[in-house]
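Dear colleague,

I am handing over the structure below, and the notes on what was found in it follow directly after. Please read them with the coordinates open beside you.

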Amino acid sequence: MIVLITGPSGAGKSTVIGSLMESDPRLAFSVSTTTRPMREGEVHGTDYDFVDDAAFDELVAADAFVEWATVHGHRYGTRRDHLETMAKAGRIPVLDIDVQGGVQVISKFGDELVSVFLFPPSWQALEERLRGRATDADEVIEGRLKTARLEVGFADRYTYWVVNADLEASVTRLQAIVAAEEVRARALAVPPLAP
Ligand code: 5GP
């Protein structure tokens, strides 16, 4: 199983994913590769694999990504070998990627992919959350809001919709989604008992 979680910037995705991961040791965060400069407090190899443009180009040429996309001016990609390593270790990869990448993996993987779109409770709540991050300039916030409206337009490609009004409730829903997907007959491949 692979869990894909997409949601607009400000929907509270990182917090929800962080809590979900803490609640289930089988889940493993899929560390993406990016050309974005490292932010303060980020750790190479934990938050992202930070690379320069030339290194990213090489990875694209080597078909190393199951998907990649340009988000807010920087490139981000999910490495195929990382997913394989996690699967071999019996872990469930959790992908925190944008809609462009989400749509690519939804069409690439079959039943093993569980896709979740995380909504903010309202446009007003999203704007308040974005403005609450005092670090961003007005035009950055306007850009994020515009992008968010485009992203929500792709939500119908995702199997599950979770409205993130309350952290605990959202995590409970995500846990329930994972639990239900695990017992889908098709996910089990072999029946637990022979007829
Ligand atoms: P940030 O730079 O704020 O960490 O992330 C910006 C956006 O890039 C987020 O929406 C995040 O979900 C998305 N993102 C992170 N990793 C990937 C990836 O591997 N592929 C794609 N398509 N998007 C990603």
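In this predicted model, the ligand sits in the largest pocket, a pocket that holds about 1100 Å³ of space. This pocket is lined by 41 residues, and those closest to its centre are Lys13, Ser14, Arg39, Tyr48 and Asp96. Two or more lining residues come from each of helix H1 (13-23), strands E5 and E6, helix H5 (123-132) and helix H6 (138-152), with H1 giving the largest share, six residues. Sorted by class, the lining of the largest pocket comprises 13 nonpolar, 15 polar and 13 charged residues.

Turning to the ligand itself, its shell consists of 15 residues, of which Ser32, Arg36, Tyr48, Tyr76 and Asp96 are the closest.

Which side chains place an N or O atom by an oxygen atom of the ligand, and at what distance? For Tyr76, an N or O atom of the side chain is 2.4 Å from an oxygen atom of the ligand; for Ser32, the corresponding distance from a side-chain N or O atom to a ligand oxygen is 2.7 Å; and for Lys13, a polar side-chain atom lies 2.9 Å from an oxygen atom of the ligand. On its own the ligand would expose 510 Å², and the protein buries 88% of that.

Most residues other than glycine have a negative phi. Asp63, although it is not a glycine, has a positive phi of about 55°, and this residue lies in the loop between helix H2 (53-61) and E5.

With best regards

Conventions. Residues numbered from 1 in each chain as written. Predicted model: local features only at pLDDT ≥ 70, side-chain atom pairs only at ≥ 80, totals over all residues. Heavy atoms only, no water. Near = heavy atom within 4 Å. Polar contact = N/O pair within 3.5 Å; in protein donor to acceptor, adjacent residues only side chain to side chain. Areas by Shrake-Rupley, 256 points an atom, 1.4 Å probe, with all protein chains shown as cover. 1 Å grid on protein atoms, 1.4 Å probe; cavity = no way out; pocket = protein on both sides within 12 Å on 5 of 7 lines; lining within 4 Å. Sits in = over half its atoms within 2 Å of the grid points. Points joined across faces, edges and corners; volume = space filled by probe spheres on them. Helix = DSSP H or I, 4+ residues; strand = E, 2+ residues; numbered from the N terminus. Nonpolar A, V, L, I, M, F, W, Y, C, P; charged D, E, K, R; others polar.
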